Amino acid sequence: LRTLEPETVNGTPVYAAILPTSDKTPAADACEKRKSEGGVCAFVCKGQTLTVMIASGNGAVDCKKILADTMSQFGGRGGGKPDFAQGGVQDVSAAEKVLASLTDRIKTALENA
């Protein structure tokens, strides 16, 4: 996770990745670190199911809303707060589409900030 290069959107680093693991602890720790630095992080952990997490150190990105919008699109569930939210999707084959949906919503929020 240390080598992940962010994409900068309107001055904010955005980290996004699909991680081949069902252990979400390292991903959650990385999200918290990026959030504390003012960045935005979207990870999809691919195990038996997909664990989706999003964290933001930028007030323009509402993690709870972005996660809810994305989960409804893929039949998943989740929740959280404006600065951190997580959920799950049963269909592991949807990993790329879930991540693309999250990053599109994050970019839109940052570009309209």
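Asp83 is partly exposed, at a relative accessible area of 30%. Partly exposed lies between buried (under 20% relative accessible area) and exposed (over 50%), with a 1.4 Å probe and protein chains only. This is a predicted model: local features need pLDDT of at least 70, side-chain atom pairs count only at pLDDT 80 or more, and totals for chains, interfaces and linings use all residues. Residues are numbered from 1 along each chain as its sequence is written, and side-chain values use heavy atoms, leaving out hydrogens and water.

Asp83 forms a salt bridge with Lys35, with 3.0 Å between the closest N and O atoms. A salt bridge here is a side-chain nitrogen of Lys or Arg within 4 Å of a carboxyl oxygen of Asp or Glu. Lys35 sits in helix H1 and Asp83 in the loop between strand E5 (77–81) and E6, so the pair ties together parts 48 residues apart in sequence. Helices (H or I, at least four residues) and strands (E, at least two) are DSSP runs, numbered from the N terminus. Salt bridges with shared partners join Glu32, Lys35 and Asp83 into one network.

## Charged pairs around helix H1

Glu32 also meets Lys35 in a salt bridge, at 3.2 Å from N to O. Both residues lie in helix H1 (residues 25–36). They are 3 residues apart, about one turn of the helix. Lys35 counts as buried because its relative accessibility is 16%. Glu32, at 36%, counts as partly exposed.

Another pair is Arg34 with Glu37, where the closest N and O atoms are 3.7 Å apart. Arg34 counts as buried at 12% relative accessibility. Glu37 is partly exposed, with a relative accessible area of 45%. A search of the whole structure finds 7 salt bridges.

## The sheet

An open sheet of 6 strands runs in the order E1-E2-E3-E4-E6-E5, with mixed pairing. Two strands pair if DSSP finds at least two bridges between them. E1 and E5 stand at the edges with a single partner strand each, so one side of each has no neighbour in the sheet. The twist averages 15 degrees from one strand to the next.

E1 and E2 run antiparallel, joined by 3 bridges. Glu7 stands opposite Val14 in E2, and Val9 stands opposite Thr12 in E2. The two strands form a hairpin with 2 residues between them. In the turn, Asn10 has a positive phi of about 50 degrees. E2 and E3 pair in the parallel sense over 6 bridges. Ala17 has Phe43 in E3 as its bridge partner.

## Helices across the sheet

H2 lies across E4, E5 and E6, at about 10 degrees to E6. H3 lies across E1, E2, E3, E4 and E6, at about 170 degrees to E3. Axes are lines fitted to C-alpha atoms, for helices over the stretch in contact, and angles run from 0 to 180 degrees between N-to-C directions.

Helix H3 (residues 95–111) has 17 residues. Its span from first C-alpha to last is 24 Å, close to the 24 Å expected at 1.5 Å a residue. That expected span is 1.5 Å times one less than the number of residues. The buried residues of H3 include Val98, Leu99, Leu102, Ile106 and Leu110. The buried residues of H3 pack against strand E1 (7–9), strand E2 (12–19), strand E3 (40–46), strand E4 (50–56), helix H2 (63–74) and strand E6 (84–89). Contact means heavy atoms within 4.5 Å.

## Nonpolar cores

The largest nonpolar core has 24 residues. Such a core is a set of buried Ala, Val, Leu, Ile, Met, Phe, Trp, Tyr and Cys residues joined through side-chain atoms within 4.5 Å. Ile54, Val61, Val98 and Ile106 have the most contacts inside this core. E3, E4, H2, E6 and H3 each supply at least two of its residues. H3 gives the largest share, 7 residues.

Val61 touches Val40, Ile54, Ser56, Ile66, Pro82, Ile106, Ala109 and Leu110, not counting residues up to four places away in sequence. A second, separate core has 13 residues, including Ala30, Cys31, Cys41 and Cys45.
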